[in-house]
Amino acid sequence: MSAVVSWARRATLFVGFVFLYAPIVILAVMSFNASRLVSVWGGFSTKWYAALLENEQLLHSAKVSLAAALTSATISTLLGLLAAISLTRFGRFRTRFLFFGAVHAPLVLPEVVLGLALLTCFVAFGVGRGFITLVIGHVTLTMCFTTVAILAALRDRDPALEEAAMDLGATPLGAFVRVALPQIAPAIVTAYLLAFTLSLDDLVIASFATGPGATTLPMRIYSQVRLGVSPQINAISTLLLALVAVALGLAALVSFRRARRDGQVVTSLARAPDNAS
Amino acid sequence: MSAPLLSVKSVSKKFGAVVALEDVSLDVGAGEFFALLGPSGCGKTTLMRCIAGFESPDAGTIALNGDDLSGVPPYRRPVNMMFQSYALFPHLNVFENIAFGLRRQGETRDAIDARVNELLAMTQLSAFGPRRIVELSGGQKQRVALARALAPRPKMLLLDEPLGALDRKLREETQFQLKEIQRLTQTSFLIVTHDQDEALALADRIAVMRAGRVEQIAGPMEIYDRPATRFVAGFVGETNFIEGRLDRNGAAALITEYGRIPCEPGNLPDGAQATLSVRPERIGVARDGEGIAGVVENFVFRGETTLLRVRVASNIVLRAAASHGERHAIGDSVRLSFPPGAGALLAEER
């Protein structure tokens, strides 16, 4: 192959990466900018990170976001597991098709519509909006993803494995816990991290579902950016980015290790949605 | 035989409109090696799953040692199953797979260690305890599955096509191992297979099944030499079906358009339409003398014997096996002789 073609390929790859990641890299780099101006490099500094620690509002929002992400990811993983079990185990029950559709609906539903629906619902039932409604909103948003991830893993399993466990004296629950659960554990971890990430960076649903006192980090950032960009926003965004990257990295690692163990193709992450928001 | 270990009485099972089992009854004795033989879809696997407890019969009873098993879940039945796919737990190593049933029984650590090591030795897997399942060959997986099912000392072991996934050479070797292990453990083995050679080679008794019904239950030799129905005769081994009318006067014989074929009349009446099933190797082939005249149309060398296709009438070809050393050419005239006990006489069906 000629050197020209080879170089053209590398250049194409480089342009592609620049297109995808340059904004993120610039954002992260600028968080270490000593200057207050967003567009001018004034030397390396971590002062914005230090300032962040004194920004009560931002810290409070970060806590709200983390707490909401942890809670909603836990609930939605549990619900997703139950939904996936009922979709794979109970045969063709009468409302299966309806249930299948209902579980998967938020995948294709515009977030704004889902958020508005949630808001209408909370108002109709007279539920005061706050942390709890925020969690409910995020569970609604993320449960479809956890269900899909766990469903795929449950479907790939050999049903004879659990029968074998029962044949050897394990109760149905025991067989599930000892044989099925270890098999789908990587998918459950992936689902949890996915839900966590989705909840952490969600802005739309949170704007509808939450109330005063439970402002999430993305909401805070968004409202502050409207008043002008402070390098503190870059700093908190970089931290958020790092957290999401770590979570997704863990999910990838889990899938990869499992794939290497079982000699399968990594599929769980390929099903993950685009997280740019 | 003393009281049977397993007693299946008039068991029927339907899946929707499909009849999987219809009025199936059979007994399996303690320490017996019993085979359920039949083509796929004959209900043999369904019957096995009913015994294991994964399916419940619509009618009839299954009893073990005289205790009715209906309503007893699989995990409380003292029978274990070796699955066709082996169903080994991929997240556990070989040792833990075999120990699984023992741990559920709440045995002590020492007892489990001793029992698992005993089984590893029996299945020639002693060095493989810490291995992962994915690191095993097909034959090794098969032995782990066997050891795992035997570990909790079941009253009866169910084996679903245990040799199905192995290649030919390994299969024969494993047949001997399986027989040896059955003899050592004194456990009743109930094997499901569609392979007649496997059933004949392994089992003390065979139940031949067809479309949800049991056609015949007998020892391998009887199944082969005295098939009860045309289906059994055709499914187990090679055979000739000779149709004719029974003549009980003097030495009983079947009258066909090409001659009299001596046979044992059984309890069929004189003049009845009947079919005689004769294995090719039971037919004598000679160049001249007594017997049915025919012309060699084709032959296949099989090593031990040479299988001849002999045309005895314009529309009838019989297969006969000439023993080693006899040479025949296409177009040779031969005489086929039938010793009186050579075939099994079957009543005309329907």
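pLDDT is the predictor's confidence in each residue, from 0 to 100. I start there, since what you see above is a predicted model, in which local features need pLDDT of at least 70, side-chain atom pairs count only at pLDDT 80 or more, and totals for chains, interfaces and linings use all residues. Residues are numbered from 1 along each chain as its sequence is written, while chains are lettered from A and ligands numbered from 1 in the order in which they are written.

Chain A, then. Its mean pLDDT is 84, with 93% of the residues at 70 or more. The stretch to watch is 263-277, where the pLDDT is below 50, although the model gives this stretch 23 contacts beyond near neighbours in sequence. A contact here is two residues whose C-beta atoms, placed from the backbone, lie within 7 Å. Where pLDDT is low, the predicted coordinates should not be read in detail.

As for secondary structure, chain A has eleven helices and zero strands. Helices are DSSP runs of H or I with at least four residues, strands are runs of E with at least two, and both are numbered from the N terminus. The C-alpha atoms of chain A fill a box of roughly 70 × 70 × 30 Å along the principal axes. Of its 277 residues, 35% are buried, a label given when 20 or more other C-beta atoms, placed from the backbone, lie within 10 Å of a residue's own. Taking contacts in chain A between residues at least 6 apart in sequence, 76% link residues at least 24 apart.

Now chain B. It splits into domain 1, residues 6-234, and domain 2, residues 238-347; such bounds come from an automatic or database domain assignment. The C-alpha centres of the two domains of chain B are 39 Å apart. Seven residues of domain 1 and six of domain 2 make up the contact. On the domain 1 side, helix H8 of chain B, residues 230-235, gives the most, with three residues.

Last, the sheet in chain B. It is open, has four strands in the order E2-E1-E4-E5, and pairs antiparallel; strands pair if DSSP finds at least two bridges between them. Which strands stand at the edges? They are E2 (18-28) and E5 (67-68) of chain B, and because each has a single partner strand, one side of each has no neighbour in the sheet. E5(B) is joined to strand E4 of chain B, residues 59-64, by two bridges. Within that pairing, B:Ala63 is opposite B:Asp68.

Conventions:
Buried ≥ 20, exposed ≤ 12 C-beta atoms within 10 Å, placed from the backbone.
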